[in-house]
Amino acid sequence: MTPLPEPYEPPSLQDVAALKQSLVNRLIYSIGKDPLETSDRDWFFALAYIVRDCITQCWMDSMRRYYLGDVKRVYYLSMEFLIGRALMNSLINMGCHDEFRQVLEDVGLNLDDLSEMEEEAGLGNGGLGRLAACFMDSLATLQLPGFGYGIRYEYGMFSQSVEDGRQIERPDNWLRYGNPWEFPRPEMLYRVQFHGRVQEYRDEHGQPRFQWLDTEDVMAMAYDTPIPGFKGATVNNLRLWSAKASRDFELKYFNEGNYIKAVEEKNESENLSKVLYPDDTTEMGRELRLKQEFFFVSASLQDILRRFSGDHPRFQDLPEEVAIQLNDTHPAIAIPELMRLLVDIHRLSWEEAWPITVATFSYTNHTLLPEALETWPVKLMETMLPRHMQIIYEINHRFLRDVNHAFPGDMELIRRVSLIDEAGSRRVRMAYLAIVGSHRVNGVAKLHSELMRSTIFADFARIFPDRFINITNGVTPRRWLNQSNPGLAGLITRAIGDGWVTDLAQLKGLATLSQDSAFLAEFRKVKQDNKARLAERLHQRWGMELDPAMLFDVQIKRIHEYKRQLLNVLHVITRYNRLRANPDLQLPPRAVILGGKAAPGYFRAKLIIKLINDVADIVNHDPVVAGRLKLVFVPNYNVSRAMELIPAVDLSEQISTAGTEASGTSNMKMAMNGALTIGTLDGANIEIRDEVGEDNIFIFGHTAQQLMDLRRCGYNPWDHYYANGELRQVLEMIDRGYFSMDEPARFRPLVESLLGGGDPYAVLADYESYVACQDAVDQCYALPEQWTRKALLNVANSGYFSSDRTILEYADQIWGVRPAADPVEV
């Protein structure tokens, strides 16, 4: 074989002159633009292609190292990867941020301006997708062989704007200008089947076998995105699937002039990867959602088995070479799909395939809300995935047989743990399928894992006592501190060195500076500069007027009743009433900032957004409270918005009903950036309290156990209404149209959900404690030195909440993988 020529060598990241020439060459030869007639977006793409070249070289080295070392690999299956903008993250991780900034300045460009040209990838919605992105960063930084699998959505969830105080949803066409970070793989296609029928036959040994015939097929095409770890030593792969029709169009119809009919099948097939989370309030939307889940799972498993079987002839060795993590229940259909591939395609017996499947899969649960545990109608499954429904029946039959052997005669237990919910219309319980088909099931915070074992999955914890573990979530400090807060990152590095970027526990070294007045003054100035920068951005974009001297009180997360943005608004109105009643009241000026999206079909969540904006309209224009209280809603909350907001936060609102939030990660990000938390003992708030100390956090409200006891005794929200005059005044103002004079009854459904609907999220039960806790916040903020010391101690004690620690626990307790860091000679 003729030796291959040396590959193209990207310019040295330290050679500014070479980088400058490469930038111009890319603009001309890759973008096809004359430097004299070009836009910031063109320069962004030229820059992105150079950075991608540098990443790709490390990427190839990493993939070669994995292959030649025959290392065990982790495959992370997730419906979401909310990766955010990649340019700045890549420059910092590759260690060439300053060089490229200089190159751009030399040609009259600004790196910050170009970074604003990048569209944020519409591959996720909230915490689930952002967690997956943090995990990908940590896997690469820790040099662990980790691969992500998901869907290449053409449109994100939606782009949110606010008009007349209401959420307006518009398509998030994030790919309209293209994506410079991805590599299309048109040769990497897998057939994904739907519908059809199952035919049983006997093989040459007389064993029953099954064929899935007459199916409707969609092709899954791969797009690869390299994910660099810090300092670029390892670059892992995120593979996303795009739906393609098995045939482009029906030539017969086209020739007859029926052009719509000719492309009908193509359009229907490719709708599969069109939109993130179609509206599941309709039957068609629910069907599309299930199709999406199976589409990406089937393509991913076929890809994993192709890679594995190329060098490993025995499928019995699969768990030694492959670990598959299910990020929530969305990919749980992977369990019967792997069984189908092993039994029907690769001809293993059930008895061989099932232990392989269980040893390969593990499942992360992200919710304690029974209504959020995914289930699918049996009829829909039988129609769309008939072979998989057969396999689920067989899994259930064998599982219930084993349960009956272990707990003979307990028919109620068998009914409760069946994978099929027989009450009403029969449904497949996907979380139960994930538990039965995995060797490990983990919660994402200590309380969440305890409640998981004692409430929603208590029966399974009895059946599989060693299967359930806790691994508390974390966030990557590379993006959420080093990149998003350069002022604080620089201050920390000057104080303790830069080792904290990859070993966040080193932040403990800051604790000794909590008594150093000069350092506290520097720390306070960094926060003040961040607040001034945020205030300027909010003014430029939306005309919002915020004084950086105010306490910035921030709640940024998906809008949902259990997250209790409504409780926050009740406090704002209470504060407003106090200031109006007593204009001389000495309270620190406060700006309350909220942001988040409501699901398009979630009426009450969207009504809460309208209430926030209507209250803001009254409060912000009342001269009595001018300069003392502000309320704003920041539209279109996403990763980029979070990176602007979080460094400026003084008070982090983590006020979900105890026992409802699995973990939360915004609480970790804000504490890491020097915010104090006000929160319930819910999710990871408990561990934040344990790490930072009870004196450096504001805790209020009922515990999960107290709420269970309260409901058991008969919770009556009217008791709180009559007992608390301030609460009664606030609710009457909302109910009678004080904030909605054009439509006085507009917010009555919210009040009725609290008083007439039983207050399911204990808003009224926690109101008095919340308001008292906010009073304590005011008292502390009035003492700047004390507040700053507490904020610094939050940063110093946030090392536990690095996603590096989280991933190392997954690697040790679930996956059994080790870093693949040793160089391989080729």
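**Close-up 1. The second largest pocket of the predicted model.** In this predicted model, the second largest pocket has a volume of about 1,000 Å³. Its lining is made up of 37 residues, of which Met 88, Asp 112, Gln 483, Ser 484 and Pro 486 are the closest to the centre of the pocket.

**Close-up 2. Helices that line the second largest pocket.** At least two residues of the lining come from each of helix 3 (87-93), helix 4 (97-106), helix 5 (111-115), helix 20 (477-483), helix 21 (486-496), helix 22 (517-542) and helix 25 (639-645). Helix 22 gives the most, contributing seven residues to the lining of this pocket. By residue class, the lining of the second largest pocket comprises 14 charged, 13 nonpolar and ten polar residues.

**Close-up 3. The packing of helix 21 against helix 22.** Helix 21 and helix 22, both of which supply residues to the lining of the second largest pocket, have axes that come within 9 Å of each other and cross at roughly 160 degrees. Because angles over 145 degrees count as roughly antiparallel, the two helices, helix 21 and helix 22, are therefore described as roughly antiparallel to each other. The crossing of helix 21 and helix 22 is right-handed.

**Close-up 4. Residues at the contact of helix 21 with helix 22.** On the side of helix 21, the contact is made by Gly 487, Leu 488, Leu 491, Arg 494 and Ala 495, and these meet Phe 519, Glu 522, Phe 523 and Val 526 of helix 22. The residues of this contact between helix 21 and helix 22 divide into six nonpolar, two charged and one polar.

Methods
Residues numbered from 1 in each chain as written. Predicted model: local features only at pLDDT ≥ 70, side-chain atom pairs only at ≥ 80, totals over all residues. Heavy atoms only, no water. 1 Å grid on protein atoms, 1.4 Å probe; cavity = no way out; pocket = protein on both sides within 12 Å on 5 of 7 lines; lining within 4 Å. Points joined across faces, edges and corners; volume = space filled by probe spheres on them. Helix = DSSP H or I, 4+ residues; strand = E, 2+ residues; numbered from the N terminus. Nonpolar A, V, L, I, M, F, W, Y, C, P; charged D, E, K, R; others polar. Axes fitted to C-alpha atoms, helices over the stretch in contact; angles between N-to-C directions. Parallel < 35°, antiparallel > 145°, perpendicular 65-115°, else oblique. Left-handed = near helix turned anticlockwise from the far one by under 90°. Contact = heavy atoms within 4.5 Å.
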